[in-house]
Amino acid sequence: MSLPNITRLRPVRLLSSIHHHHHQQQLLPPSIPPLTVPSRSVIQSKYRRPGEPRGEKPPWEKINFDFSKGLEGIKKHFMLLKKEFFDRWVGPEGKPLLEHMLEQNRVLWEFRGPESLNEWTVSSDREIGGKSEVYLKLGKNNNTCLLYGTLCSTPPRDGETRYSGYCTMRSKQPLASFDRKKHFDWTSFNTLHLRVRGDGRPWMINIAPETYFSHQNDDIYNYFLYTRGGPYWQDVKIPFSKFFLTHRGRVQDDQHPLLLDKINTIGFTLGDKADGPFQLEIDFIGACKDYAHTEEFAYEMYKRNPEV
């Protein structure tokens, strides 16, 4: 019974040095298809929390095609574009060039009214089914922001999540005209300066720089903020050289200094496993130039190809 031409294997003559039977024809096994390995872009896709449903909607279904909204958007973006254009003539960020060159301190965020809270967003483990609560409001004299709530490290009962208990406050990504990303340029400074009043808990400060490759999207630079309890304010100065690189919460072996030319957001995270109420009051967040600090990077940097 003859096989169809599709499935019939073509006989291949093997090397005579291996097989002594010169005239014997042997059949090679069919070639095995290569293993389907998921591409890097699939592995490094956007993190989906356990229990969260997959977003099956195509992106164009989420767009609101209202005509009046479109007119408002065009007007807003052209106003921003005009401001951007004329600010360039004055100097960086609309400040004179001499003032920019001599700048020693810059207040990046301050809380002086309800509209200043619109630049921030808060989240907690409620997103994954946890029980922590976090709130953000203005302080007593409307001159500070108060981040408060209750930390609860009980993991959600979804059968997947093993750890829980975090609360976060993060600045929103600033946008230029036509929703282009706007970055902070802190190259004139080498130290982060905060005025805070805490309750004795340790916080984590997170700085997210702009990244150039998709697998770096979750790269964040972190350092610790140790607060004092009690009624007194504390001025905290943290050099940027102390911030270390993490990816999705894991400290990386291959460390690099934080590049200050394109900074996107800053955030504060609490996750010290101490259940109960917490509060952090912030007066301002700024950057300054400390001439006494000469360190470039606090951590050991490994060379990929060391000299012989």
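These legends describe close-up views of a predicted model.

**View 1**
The protein chain has 308 residues, and buried residues make up 31% of them. Its secondary structure comprises 3 helices and 13 strands. Take the contacts between residues at least 6 apart in sequence: 71% of these join residues at least 24 apart.

Helix H2 runs over residues 67-90. It holds 24 residues. From the first C-alpha of H2 to the last, the helix reaches 35 Å. That is close to the 34 Å expected at 1.5 Å a residue. Gly-91 follows H2. The phi of Gly-91 is positive, near 160 degrees.

**View 1. His-77 sits within helix H2.**
His-77 belongs to helix H2. This histidine counts as buried, because its relative accessibility is 11% and the limit for buried is under 20%. Leaving aside residues up to four places away in sequence, His-77 touches Ser-177, Phe-178 and Asp-179.

Pro-92 has a relative accessibility of 30%, so it counts as partly exposed. Its contacts, not counting residues up to four places away in sequence, are Leu-97 and His-100. Asp-185 is 93 residues from Pro-92 in sequence. In space, the two are 9.8 Å apart, C-alpha to C-alpha.

**View 2. The second largest pocket draws on helix H2 and strand S1.**
The volume of this pocket is about 1100 Å³. Two elements give two or more residues to its lining: H2 and strand S1, residues 105-110. The lining of the second largest pocket has 35 residues. Nearest the pocket centre lie Lys-83, Glu-93, Lys-182, His-183 and Phe-184. By class, the lining has 16 charged, 11 nonpolar and 8 polar residues.

**View 3. Cys-145 and Cys-152 are two buried cysteines.**
Cys-145 has a relative accessible area of 0%, so it is buried. Cys-152 is also buried, with a relative accessible area of 16%. Which cysteine sulfur is closest to that of Cys-152? It is the sulfur of Cys-167, at 9.8 Å. That distance is too far for a bond, because a disulfide needs sulfur atoms within 2.5 Å. A search of the whole structure finds 0 disulfides.

**View 4. Asn-142 has a positive phi in a loop between two strands.**
The phi of Asn-142 is near 55 degrees, a positive value in a residue other than glycine. Is Asn-142 buried or partly exposed? Asn-142 is partly exposed, because its relative accessible area is 41%.

**View 5. Lys-273 has a positive phi in the loop between S12 and S13.**
Lys-273 is not a glycine, yet its phi is positive, about 60 degrees. Its loop joins strand S12, residues 263-270, to strand S13, residues 276-288. The relative accessibility of Lys-273 is 68%, so this lysine counts as exposed. The cut-off for exposed is over 50%.

Methods: Residues are numbered from 1 along each chain as its sequence is written. This is a predicted model: local features need pLDDT of at least 70, side-chain atom pairs count only at pLDDT 80 or more; totals for chains, interfaces and linings use all residues. Side-chain values use heavy atoms; hydrogens and water are left out. Helices (H or I, at least four residues) and strands (E, at least two) are DSSP runs, numbered from the N terminus. Buried means under 20% relative accessible area, exposed over 50%, partly exposed in between (1.4 Å probe, protein chains only). Contact means heavy atoms within 4.5 Å. The expected span of a helix is 1.5 Å times one less than its number of residues. On a 1 Å grid over the protein atoms alone, a cavity is a set of points where a 1.4 Å probe fits but cannot get out, and a pocket is an open set with protein on both sides within 12 Å along at least five of seven lines; lining residues have an atom within 4 Å of a point. Grid points are joined across faces, edges and corners, and a volume is the space filled by probe spheres set on the points. Ala, Val, Leu, Ile, Met, Phe, Trp, Tyr, Cys and Pro count as nonpolar, Asp, Glu, Lys and Arg as charged, and the others, Gly among them, as polar.
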